[in-house]
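Welcome, and thanks for taking a look at this one with me. Below are a few friendly notes to read alongside the structure.

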Amino acid sequence: MAAVKIDGTAVAADVRSAVAAAVSTLPGQPCLAVVLVGEDPASEVYVRNKVKMTQAAGMVSIHHRLPADATQGEVESLIERLNADPDVDGILLQLPLPKGLDADAAIEKIDPDKDVDGLTEVSAGRLSLGKPGLRPCTPVGSVILAKRALGEDLSGKHVVVIGRSILVGKPAALLFLAENCTVTIAHSRTANLAEVCRGADILVPAVGRPEMVRGDWVKPGAAVIDVGINRVPAPEKGEGKTKLVGDAHYESCAEVAGFITPVPGGVGPMTIACLLRNTVLAACARRGWAVPAGL
Ligand SMILES: NC(=O)c1ccc[n+]([C@@H]2O[C@H](COP(=O)([O-])OP(=O)(O)OC[C@H]3O[C@@H](n4cnc5c(N)ncnc54)[C@H](OP(=O)(O)O)[C@@H]3O)[C@@H](O)[C@H]2O)c1
């Protein structure tokens with residue numbers, strides 16, 4: 001059996017189109033402010049993409065740049081200014097911050113109602129209590145992809161999330177729980193990991209270990225939603241070349257699974273799409289607009 005490949009690039013494009021359609025029906029334009037501190041080249045690329053896609057969805061994009069030697073106070077006072085700005089609906093602090101800055105403390109300054117990354121303690125609390133709030137983007141993207149594979153109703157499915165990070169594993173587990181799944185969270189101390197994974201209808205590796213999950217860890221017909229992104233040497237492409245692989249070994253898992261996301265082109269592209277969706281949801285909640293259908 002060969003698994004159906006879940007095309008995250010195409011699903012992300014659908015989500016962005018739905019966001020653009022929703023924005024066009026709103027009485028005003030949502031606004032996302034992105035804060036970039038320093039000159040990390042990867043972060044520059046991410047921020048450029050976020051700005052471009054925010055504008056393409058019909059929203060206002062504000063881009064604030066601080067120098068690499070900015071102080072904690074300067075970062076936090078910029079965030080506080082954006083909190084107080086009634087025109088700003090979403091605030092995204094691009095991570096990582098330069099050495100010497102405390103990212104957790106800076107994130108905590110973000111108004112939870114503008115926390116489009118879903119990373120503040122209040123957002124995490126709202127998620128775990130099942131209260132309305134902004135949810136972390138990559139985990140939301142993982143749930144959307146699982147629904148594309150298995151249908152809107154995931155209730156009763158056994159989900160195994162491998163990884164318990166604040167950014168991915170824990171919120172992914174809570175989001176699947178909110179979909180009435182039966183959720184197991186596995187981690188580095190889990191005994192018999194392969195056997196635990198074989199119980200999963202939906203397997204969500206979020207570890208950061210290249211190709212750790214092998215085909216014989218996968219239940220026949222299961223959906224593998226691979227969050228991992230790992231850069232590994234690719235001598236077959238030439239000396240010194242690299243490539244991206246997931247936490248699942250694609251070929252062997254695809255032989256057993258019913259559905260699988262590739263890396264790249266799976267969960268990765270969903271993150272920005274869900275960020276745009278969160279910006280619209282934040283704008284609607286803040287400004288008292290009805291959430292447009294289709295979001
Ligand atoms: N846009 C995207 O698609 C996106 C976004 C974010 C992250 N990612 C990727 O997702 C992966 C995870 O990111 P993260 O931020 O969650 O990483 P992280 O903070 O390093 O967490 C990794 C988790 O994996 C667990 N783990 C480590 N080794 C393990 C093993 N041998 N067996 C089972 N569990 C193990 C750890 O368990 P302990 O808690 O026990 O140490 C930890 O909970 C990375 O590859 C990252 O690049 C992708």
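**Notes on the salt bridges**

1. Let's begin with Arg65, which is partly exposed at 43% relative accessibility. Please keep in mind throughout that this is a predicted model. Which residue does Arg65 form a salt bridge with? The partner is Glu44, and the closest N and O atoms are 2.8 Å apart. Arg65 belongs to strand β3 (residues 60-66) and Glu44 to helix α2 (residues 41-56), so this pair links distant parts of the chain, 21 residues apart.

2. Is Glu44 buried or exposed? Glu44 has a relative accessible area of 19%, which makes this residue buried, because the cut-off for buried is under 20%.

3. Next, have a look at Arg148 and Asp14. These two form a salt bridge, with 3.0 Å between the closest N and O atoms. Arg148 sits in helix α6 (residues 137-150) and Asp14 in helix α1 (residues 8-25), so their contact ties together parts that are 134 residues apart in sequence. Arg148 is partly exposed, at 46% relative accessibility, and Asp14 is partly exposed too, with a relative accessible area of 39%.

4. A further pair is Arg126 with Asp113. Here the salt bridge has its closest N and O atoms 3.1 Å apart. Where do the two residues lie? Arg126 is in helix α5 (residues 121-129), while Asp113 is in the loop between α4 (103-108) and α5, so the bridge ties together parts 13 residues apart in sequence. Arg126 counts as partly exposed at 24% relative accessibility, and Asp113 likewise counts as partly exposed at 38%.

5. Salt bridges can also join up into a network. Asp89, Arg286 and Arg287 are linked in this way.

6. Finally, a word on the record. An unreviewed UniProt entry carries the annotation "domain: Tetrahydrofolate dehydrogenase/cyclohydrolase NAD(P)-binding", covering residues 136-285. In the model, the end C-alpha atoms of residues 136-285 lie 17 Å apart, and the span is 35% helix and 17% strand.

Methods. Residues numbered from 1 in each chain as written. Predicted model: local features only at pLDDT ≥ 70, side-chain atom pairs only at ≥ 80, totals over all residues. Heavy atoms only, no water. Salt bridge = Lys/Arg side-chain N within 4 Å of Asp/Glu carboxyl O. Helix = DSSP H or I, 4+ residues; strand = E, 2+ residues; numbered from the N terminus. Buried < 20%, exposed > 50% of the residue type's maximum accessible area, 1.4 Å probe, protein only. UniProt positions renumbered as here; feature names shortened; annotations may be inferred.
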